[in-house]
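Welcome! Here is a short tour for anyone meeting this structure for the first time. Take a look at the sequence and the model, then read on.

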Amino acid sequence: MLSTALRSSSSSLSLHPLKLKPTSCSYSSSNHPLWSGLQNWRDSSLNHNRFWGPSGPQPEAEPTIDPNNHHSQLGSVTSLAEMGAMVLQTSDPLKKSKLSHLSYSKWRKERLPVGVSAPPNSPARPSKPQLLCHFVSPKEIPAPKNSGLPLNAYMLHNLAHVELNAIDLAWDTVVRFSPYSELLGDMFFADFARVADDESRHFAWCSQRLAELGFSYGDMPAHNVLWRECAKSSDDVVARLAVIPLVQEARGLDAGPRLVQKLIGFGDKRTSNVVAKIAEEEVAHVAVGVYWFVSVCQQMGRPPCPTFRDLLKEYNVEVKGPFNYTAREEAGLPREWYDPLKEGIKDEGPLSKVHDRLAHIISMEKENSSLS
């Protein structure tokens with residue numbers, strides 16, 4: 001198996017951390033061009049626009065609550081990893097979202113160290129929504145007509161569930177690999193803590209909009225597939241980077257434009273604007289994953305493309321289209337890494353374009369029929 005081979009060749013940070021050279025954050029831009037906005041995203045100031053106003057994101061009307069009142073221990077924690085563990089152990093979704101933002105803000109403002117902590121086996125969850133077992137396919141989630149929710153609320157609930165999981169996925173990456181901060185470098189943890197902050201803002205928007213529609217997160221069952229995929233890569237940082245940002249986050253790039261169009265067709269422009277903004281901001285999260293996947297592969301002396309493909313096979317992770325090639329390319333995710341149609345195709349001629357278009361139409365027809 002690939003991870004066994006990588007671990008035996010000192011590639012796994014969890015088992016042989018001392019044999020891996022500290023990262024210099026180098027990146028081969030000639031073969032893997034960066035997302036043009038990556039450095040601006042890293043350098044940008046704290047984003048407090050957690051309320052969706054008449055014209056889009058804006059700061060909350062009421063001042064954010066004091067960290068010491070929000071959580072009795074937040075005022076005394078001394079590291080990013082400790083705060084991340086606290087977020088993971090918070091079950092209430094809205095409190096988790098707020099604590100995530102307050103933790104990242106505190107770390108930035110007080111220039112705290114990354115530190116070291118241990119994550120829980122799984123993140124704390126509320127009593128609702130009911131989480132269907134690990135082996136249930138997302139296709140077994142109730143269809144829109146059987147969910148008790150209108151189509152716009154149904155799609156928004158699904159998105160809120162994804163964003164809540166994304167908060168925990170990002171913090172788990174920070175906390176789980178915090179013992180190896182000297183090897184990965186502080187920028188690794190800064191990037192994924194910022195991803196967690198972004199995801200917490202997205203969940204806040206989804207929750208607000210659900211409330212405006214007369215619903216709340218937990219009004220319908222949800223699947224636990226996202227955390228199952230996270231658990232697969234709990235002992236291997238390169239696998240974590242492959243499975244989460246380069247597969248799960250990239251799916252958001254694919255689905256976002258389709259969700260926007262369906263919401264516009266449903267007549268809900270406000271929700272479509274929320275989804276469009278979230279999809280726009282997800283490009284940064286995939287770009288971060290690409291950056292660090294390539295960086296770690298370079299330290300291991302492994303070529304990124306075959307390493308990515310082999311990891312997906314070993315961890316039984318399926319990558320399905322239709323793909324948003326434009327957004328994926330913008331994020332720096334090369335098509336030959338994930339697209340089976342690209343493998344072995346030398347000429348991007350009319351025939352391959354027709355094949356791509358037909359595959360896209362068939363997939364869209366299947367999805368539309370499932371929603372009808």
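A residue counts as buried when its relative accessible area is under 20%, and as exposed when that value is over 50%. By that rule, 52% of the 372 residues of the protein chain are buried. Please keep in mind that this is a predicted model. The points below start with the whole chain and then visit some individual residues.

**The chain as a whole**

- The secondary structure of the protein chain is made up of 16 helices and two strands.
- The protein chain has an accessible surface of about 16900 Å², and carbon and sulfur atoms account for 54% of that surface.

- A pair of aromatic rings is described by two values, the distance of the centres and the angle of the planes.
- The structure holds 13 aromatic pairs, and one of them joins Phe-188 to Phe-192 with 5.0 Å from centre to centre and 50° between the planes, a tilted arrangement.
- Both Phe-188 and Phe-192 belong to helix α9, which covers residues 186-212, and they sit four residues apart, about one turn of the helix.
- Phe-188 and Phe-192 are both buried.
- Phe-188 also pairs with Trp-292: the ring centres are 5.4 Å apart and the planes meet at 80°, so this pair is edge-to-face. The cut-off behind that label is an angle over 60 degrees.
- Which parts of the chain does the pair of Phe-188 and Trp-292 tie together? Phe-188 lies in helix α9 and Trp-292 in helix α12 (residues 269-300), so the pair links parts that are 104 residues apart in sequence.
- Phe-188 counts as buried because its relative accessibility is 0%, and Trp-292 is buried as well, with a relative accessible area of 0%.
- Phe-188, Phe-189, Phe-192, Tyr-291 and Trp-292 together form one aromatic cluster.

**Arginines over tyrosine rings**

- Arg-328 lies over the face of Tyr-338, at 4.3 Å from the ring centre.
- Arg-335 takes a place over the face of Tyr-325, with 4.0 Å to the ring centre.

- Glu-282 is part of helix α12.
- Is Glu-282 buried or exposed? Glu-282 is buried, yet it has no salt bridge. Arg-201, the nearest side chain of opposite charge, is 8.7 Å away, whereas a salt bridge needs a side-chain nitrogen within 4 Å of a carboxyl oxygen.
- Leaving aside residues up to four places away in sequence, Glu-282 touches Glu-163, Glu-199, His-202, Glu-249 and Leu-253.
- Val-274 is also found in helix α12, and Val-274 counts as buried because its relative accessibility is 1%.
- Val-274 and Gly-56 are 218 residues apart along the chain, while their C-alpha atoms are separated by 7.8 Å.
- Again not counting residues up to four places away in sequence, Val-274 touches Trp-52 and Trp-205.

**The loop between α5 and α6**

- Pro-129 lies in the loop between α5 (93-110) and α6 (144-147).
- The peptide bond leading from Lys-128 to Pro-129 is cis, with omega near 5°.
- Arg-111 has its place in the loop between α5 and α6.
- For Arg-111, phi is near 50°, which is a positive value in a residue other than glycine.
- Arg-111 is exposed, with a relative accessible area of 76%.

**The loop between α13 and α14**

- Pro-322 is found in the loop between α13 (304-314) and α14 (325-330).
- Gly-321 and Pro-322 are joined by a cis peptide bond with an omega of about 5°.
- Where is Asn-316 placed? Asn-316 sits in the loop between α13 and α14.
- Asn-316 is a residue other than glycine with a positive phi, near 55°.
- With a relative accessibility of 65%, Asn-316 counts as exposed.

Conventions. Residues are numbered from 1 along each chain as its sequence is written. This is a predicted model: local features need pLDDT of at least 70, side-chain atom pairs count only at pLDDT 80 or more; totals for chains, interfaces and linings use all residues. Side-chain values use heavy atoms; hydrogens and water are left out. Rings of Phe, Tyr and Trp (its six-membered ring) pair if their centres lie within 6.5 Å; planes under 30 degrees apart count as stacked, over 60 as edge-to-face and the rest as tilted. Buried means under 20% relative accessible area, exposed over 50%, partly exposed in between (1.4 Å probe, protein chains only). A charge sits over a ring if NZ of Lys or CZ of Arg is within 6 Å of the ring centre and within 35 degrees of the ring normal. Accessible areas come from the Shrake-Rupley method with a 1.4 Å probe; for residues, only the protein chains shown count as cover. Lys and Arg count as positive and Asp and Glu as negative; His and the chain ends are not counted. Contact means heavy atoms within 4.5 Å.
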